[in-house]
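Subject: Structure handover

Hello,

Here is the structure we spoke about, with sequence and coordinates together. My notes on it follow below.

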Amino acid sequence: MSFDLSARLAARRADNLYRQRPLLESPQGPLVVVDGQPLLAFCNNDYLGLANHPQVIEAWQAGASRWGVGGGASHLVIGHSTAHHVLEEALAEFTGRPRALLFSNGYMANLGAVTALVGQGDTVLEDRLNHASLLDAGLLSGARFSRYLHNDAVSLAKRLEKACGNTLVVTDGVFSMDGDLADLPALALEAKAKGAWLMVDDAHGFGPLGANGGGIAEHFGLGMDDVPVLVGTLGKAFGTSGAFVAGSEELIESLIQFARPYIYTTSQPPALACATLKSLELLRTEHWRREHLNTLIGQFRRGAEQIGLQLMDSFTPIQPIMIGDSGRAIRLSQMLRERGLLVTAIRPPTVPAGSARLRVTLSAAHTEAQVQLLLSALDDCWRTLERDHA
Ligand SMILES: *Cc1c(COP(=O)(O)O)cnc(C)c1O
């Protein structure tokens, strides 16, 4: 037998890298039931608390009554409904771009955009901490693929010197496992100087960032000139599912022609587009969600620093606690769970070796009292962990 899966699985276990799926038995929200246990959770990406919002659910139900449940075909055949089209127009208006194109999810949007834009003879340059879907997209494209140092415009500039063909610079907007922001103004400057295009995947910026939730582009006031390819996902702050690419008329028409993960898949359910249209409205207009979230972020950072936890350079709802060793990260996560709190340990290869962390995420659905509960539990558990280690 050539597939020695049991040995691979055993090695994964021995390295403290074995993955398990907590079984969620409730809707998403601060209070969940997982594996039969009620828990206060700080690990979903529902930053604005829209994943279980009554108005979004209602829009989905009304959409299902109007459109049925399935997309039925790909967009190019007969799966592109008015519901999808209206959402695309709203997303274009929201991002201040002429067009937006809906994808089934962020992974496919990234594969589709990168592989449609570059191929053999071209170059793709990526931040070394980019999301896995962007790295996979770069490899799949067949273009010359190189990673620059994290958020380092100088390192990018050196690679741009050696680039050939059409050159795409690709970065997360908010880095998903660190919570820091890409230095977009500097990256855009370097890219433009060399005639390269900048593609930003702002999966975690849309919603929390920008005065109207327009993400990192709104935060830095960057237009299509600076960021020609802007990707957003709908499963995080939007609380639903799917993704979009926003940009010029020509960009979107090219994706419709050449992006295989767009062409060769069934359109998402139109009712889902109806739900997302409602969540977009709430995301843009209910500023109190962003304001409350920012209050919680400040509260958490102050409290965690007092405890002596090592935080990262982040003012976003992603507030990881750096641990380093995978075993210790799992131990801390388990101790919190015994106290009724759910915070997932993130380990390699999701993050670089030796940088296991607890990825705390905050949501507008949390209360200050709940954040205080987390801080008290962390205070206790951290002390125990340090003592056991000493
Ligand atoms: C979650 C995520 C994706 C994938 O989006 P899905 O819609 O969940 O497939 C892509 N990029 C980044 C940065 C993400 O965090």
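Which residue has an N or O atom in its side chain 2.5 Å from a nitrogen atom of the ligand? That residue is Asp201. Please keep in mind that the model is predicted.

The ligand site

The ligand is surrounded by 14 residues. Gly106, Tyr107, Asp201, His204 and Lys236 are the closest of them. Tyr107 places a backbone N or O atom 3.1 Å from an oxygen atom of the ligand. The side chain of His131 has an N or O atom 3.5 Å from a ligand nitrogen atom.

Seven strands make up an open sheet with mixed pairing, and their order across it is 3-9-8-7-6-4-5. The edges are strand 3 (99-103) and strand 5 (144-148); each has a single partner strand, so one side of each is left without a neighbour in the sheet. From one strand to the next, the twist averages 20°.

The partner of strand 3 is strand 9 (residues 243-247), and the two are antiparallel, joined over five bridges. One of the bridge pairs is Ala100 with Ala246 in strand 9.

Helix 8 (residues 184-193) lies across strand 5, strand 6 and strand 7, at about 150° to strand 7.

The hairpin

Strand 1 (residues 31-34) and strand 2 (residues 37-41) are paired in the antiparallel sense over four bridges. Val33 has Pro38 of strand 2 as its bridge partner. Two residues sit between the strands of this hairpin, and Asp35 takes a positive phi near 50°.

Thr95 is in helix 4 (residues 82-95). With a relative accessible area of 11%, which is under 20%, Thr95 counts as buried. Leaving aside residues up to four places away in sequence, Thr95 touches Phe206, Leu230, Phe244 and Ala246. Ala246 is also the bridge partner of Ala100, as noted above.

Thr266 is in the loop between helix 11 (260-263) and helix 12 (270-285). Its relative accessible area is 44%, so Thr266 is partly exposed. Again leaving aside residues up to four places away in sequence, Thr266 touches Gly71, Gly72, Ala73, Ser74 and Ser104. Thr266 and Val77 are 189 residues apart in sequence, while their C-alpha atoms are 9.3 Å apart in space.

Cysteines

How many disulfides does a search of the whole structure find? The search finds zero. For Cys43, the closest cysteine sulfur belongs to Cys381 and is 15 Å away, so the two are too far apart for a bond. The cut-off for a disulfide is 2.5 Å between the sulfur atoms. Cys43 is partly exposed, with a relative accessible area of 22%. Cys164 is also partly exposed, at 26%.

Regards

Terms used: Residues numbered from 1 in each chain as written. Predicted model: local features only at pLDDT ≥ 70, side-chain atom pairs only at ≥ 80, totals over all residues. Heavy atoms only, no water. Pairing = 2+ DSSP bridges. Axes fitted to C-alpha atoms, helices over the stretch in contact; angles between N-to-C directions. Contact = heavy atoms within 4.5 Å. Buried < 20%, exposed > 50% of the residue type's maximum accessible area, 1.4 Å probe, protein only. Near = heavy atom within 4 Å. Polar contact = N/O pair within 3.5 Å; in protein donor to acceptor, adjacent residues only side chain to side chain.
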